Amino acid sequence: MTNSPRVNIGKQHPAPYKALIALSSEVDETTSAAGLDPLLVELLKIRTSQINGCSFCLRMHTRDALKKGENPDRIAVLPAWEETGYFSETDRAALRLTEAITCVPDGHVSDEDYDAAAAVLTADQISAIAWLATVMNAFNRVAITSRYPVEA
C-alpha cells in the first residue's frame, strides 16, 4: 500500500454514500425478512470483503460477528469453508452464491452455482443474498478506493 493521499469519495459526494447506506439498511431488513441468520449475514459480509481484500470492512464485520456471538473458529476457516464441517447446508449455499456474485469477472454466476443455491435456499433468500453481496461489493470499493485507514 502506498501513502499517497486519496479523496474520501463518501465525504466528497455524500448524497450517493447516504443512498448506499440507505440501501444497506433496506438489504439488512430484507435478509432478516428472508429468514437468514444474522451470524450468516455477517459471515457473508466478511467473505465478500476477504475476496475483495478490503481490510476496513473485514475488521468492522469481524468485530460485528464476534459481538453477535459468532464462533471465532468459523471466522478463522471462512476462506476454506468448503473443506470444513463448520457450515450448514444453508451456510454453504449462501457462501457459494456470494462468492459467485463477488467474482463475476471470473465467469459470471454459473448455472451450477445458482442451481446449487436454489436447491437449498428460497427465492427470497437468494434475492436477499444477491442484494447483500451487491451492497458489500459497493462498500468494499468505496473503502478501498478511498483507502479507509485501518490502524493497529
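1. Accessible areas here come from the Shrake-Rupley method with a 1.4 Å probe. On that basis, the chain has an accessible surface of about 8500 Å², and carbon and sulfur atoms contribute 55% of that surface. Please keep in mind, as you read on, that this is a predicted model.

2. A word on the overall fold. The chain contains eight helices and zero strands, which gives the pattern α-α-α-α-α-α-α-α when read along the sequence. Its radius of gyration is 16 Å, close to the 15 Å that the globule rule gives for 152 residues, so the chain is as compact as a globular protein of that length. Along the principal axes, the C-alpha atoms fill a box of roughly 45 × 30 × 30 Å.

3. Next, packing across the chain. Of the 152 residues, 39% are buried. Among contacts with a separation of 6 or more, 69% are between residues 24 or more positions apart.

4. The UniProt annotation, from an unreviewed entry, places "domain: Carboxymuconolactone decarboxylase-like" on residues 28-99.

5. Thr98 sits in helix H6, which covers residues 89-102. Is Thr98 buried or exposed? Its relative accessible area is 1%, and buried means under 20%, so Thr98 counts as buried. The side chain of Thr98 reaches the backbone oxygen of Ala94 at 2.8 Å. Leaving aside residues up to four places away in sequence, Thr98 touches Leu44, Thr48, Ile129 and Ala133.

6. Now for the aromatic residues: the structure holds two aromatic pairs. One of them is formed by Tyr17 and Phe139, in an edge-to-face arrangement with 6.1 Å from centre to centre and 80° between the planes. Tyr17 lies in helix H2 (residues 14-33) and Phe139 in helix H8 (residues 123-146), so this pair ties together parts that are 122 residues apart in sequence. Tyr17 is partly exposed, at a relative accessible area of 24%, whereas Phe139 is buried, at 14% relative accessibility.

7. Phe56 and Tyr148 also form an aromatic pair, again edge-to-face, with a centre-to-centre distance of 4.9 Å and 85° between the planes. Which parts of the chain does the pair link? Phe56 belongs to helix H4 (residues 55-67) and Tyr148 to the segment after H8, and the two are 92 residues apart. Phe56 is partly exposed, with a relative accessible area of 23%. Tyr148 has 15% relative accessibility and counts as buried.

8. Finally, a look at Lys11, which lies in helix H1 (residues 9-12). Why does Lys11 count as exposed? Its relative accessibility is 68%, and exposed means over 50%, so Lys11 is on the exposed side of that cut-off. Along the chain, Lys11 and Ser146 are 135 residues apart, yet their C-alpha atoms are separated by 9.7 Å.

Methods: Residues are numbered from 1 along each chain as its sequence is written. This is a predicted model: local features need pLDDT of at least 70, side-chain atom pairs count only at pLDDT 80 or more; totals for chains, interfaces and linings use all residues. Side-chain values use heavy atoms; hydrogens and water are left out. UniProt positions are given in the numbering used here, feature names are shortened, and annotations may be inferred rather than shown by experiment. Helices (H or I, at least four residues) and strands (E, at least two) are DSSP runs, numbered from the N terminus. Buried means under 20% relative accessible area, exposed over 50%, partly exposed in between (1.4 Å probe, protein chains only). A polar contact is a pair of N or O atoms within 3.5 Å; within protein, one must be able to donate a hydrogen and the other to accept it, and residues adjacent in sequence count only if both atoms are side-chain atoms. Contact means heavy atoms within 4.5 Å. Rings of Phe, Tyr and Trp (its six-membered ring) pair if their centres lie within 6.5 Å; planes under 30 degrees apart count as stacked, over 60 as edge-to-face and the rest as tilted. The radius of gyration is taken over C-alpha atoms; the globule rule is 2.2 Å times the number of residues to the power 0.38.
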